[in-house]
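Subject: Structure handover

Hello,

Here is the structure I said I would pass on. My notes on the ligand site and one of the pockets follow below it.

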Amino acid sequence: MKIIIFLGAPGAGKGTQSDLLVANNNFIKVSTGDLLREVSASGSNFGNKIKDIMQSGSLVSDEIVEKLLKDKLNEVNNSDANIIFDGFPRTIVQAEILNDIISNLEGNLDVSVLLLNIDADSVFERIVGRFNCADCKENYHDKFKPTKVADVCDVCGSQNLVRRADDNRETIVNRLKSFEDEIAPILKFYRNIGDVVEIFAGNHFDDVYKDIINRLEL
Ligand code: AMP
């Protein structure tokens with residue numbers, strides 16, 4: 001079983017690359033951001049609290065993220081697919097939780113820590129322009145990957161194209177700040193126990209995908 005721990009700034013392309021690995025390389029994506037977005041869309045009091053935290057660009061508490069992650073892993077437990085952790089861990093506590101989870105998994109494990117590197121200006125441009133289809137989840141970008149017909153999804157024909165609430169300029173500044181605070185200790189943690197594979201993420205997503213495939217020998 002292969003495990004990829006995907007690290008990188010918001011907008012570095014973790015989501016896009018994870019989707020490619022899911023489509024082509026028998027991976028399941030476990031994204032704490034996606035799990036939290038599901039909860040925040042529920043309309044419950046708890047969901048609204050999560051929504052406010054995400055909207056501010058701060059991190060949700062380790063306890064909440066751990067519970068959601070473990071519930072999700074129980075769901076995928078019987079599958080023989082490989083797993084990508086996208087957006088997790090973001091704190092040392094979470095990195096320790098993930099180490100425990102991995103050490104309790106059975107079988108032959110091949111764990112890679114992958115860092116997508118990109119500069120802050122490119123991140124801004126990428127995040128501000130991105131949107132996706134609410135129905136089939138296809139990703140788009142105003143400049144880099146527009147829909148062929150304006151406001152219509154190329155894949156499923158839906159007109160239900162949406163932008164993430166936290167993809168606005170103010171929140172992005174805070175999300176980048178959170179990332180800068182969180183990434184140094186996380187990298188130190190992983191470099192102490194093994195290799196971190198660094199990939200330049202400023203190229204076209206097809207080329208970044210090829211680099212990942214080559215470097216991880218997938
Ligand atoms: P993402 O989709 O990974 O960019 O995450 C969007 C937002 O969800 C973040 O800005 C945080 O508010 C929250 N979030 C996602 N993953 C985590 C995590 N592992 N720990 C804490 N907060 C998280």
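This is a predicted model: local features need pLDDT of at least 70, side-chain atom pairs count only at pLDDT 80 or more; totals for chains, interfaces and linings use all residues.

Ligand site

In total, 16 residues surround the ligand, and the closest are Thr32, Arg37, Ser58, Arg90 and Gln94. Helix H2, which covers residues 32–40, gives the most to this shell, with 4 residues.

- Ser58: a polar backbone atom lies 2.5 Å from an oxygen atom of the ligand.
- Arg37: here a polar atom of the side chain is 2.9 Å from a ligand oxygen.
- Arg164: an N or O atom in its side chain is 3.2 Å from an oxygen atom of the ligand.

How much of the ligand does the protein bury? Taken alone, the ligand exposes 480 Å², and the protein buries 96% of that.

Second largest pocket

The second largest pocket holds about 310 Å³ of space. It is lined by 15 residues, of which Leu73, Asn74, Asn77, Ile101 and Leu105 are the closest to its centre. By class, the lining divides into 9 nonpolar, 4 polar and 2 charged residues.

Which helices supply at least two residues each to this lining? They are H4, residues 62–76, and H5, residues 92–103. The largest share comes from H4, with 4 residues.

Regards

How values were computed:
Residues are numbered from 1 along each chain as its sequence is written. Side-chain values use heavy atoms; hydrogens and water are left out. On a 1 Å grid over the protein atoms alone, a cavity is a set of points where a 1.4 Å probe fits but cannot get out, and a pocket is an open set with protein on both sides within 12 Å along at least five of seven lines; lining residues have an atom within 4 Å of a point. Grid points are joined across faces, edges and corners, and a volume is the space filled by probe spheres set on the points. Ala, Val, Leu, Ile, Met, Phe, Trp, Tyr, Cys and Pro count as nonpolar, Asp, Glu, Lys and Arg as charged, and the others, Gly among them, as polar. A residue is near a molecule or strand if one of its heavy atoms lies within 4 Å of it. A polar contact is a pair of N or O atoms within 3.5 Å; within protein, one must be able to donate a hydrogen and the other to accept it, and residues adjacent in sequence count only if both atoms are side-chain atoms. Accessible areas come from the Shrake-Rupley method with a 1.4 Å probe; for residues, only the protein chains shown count as cover.
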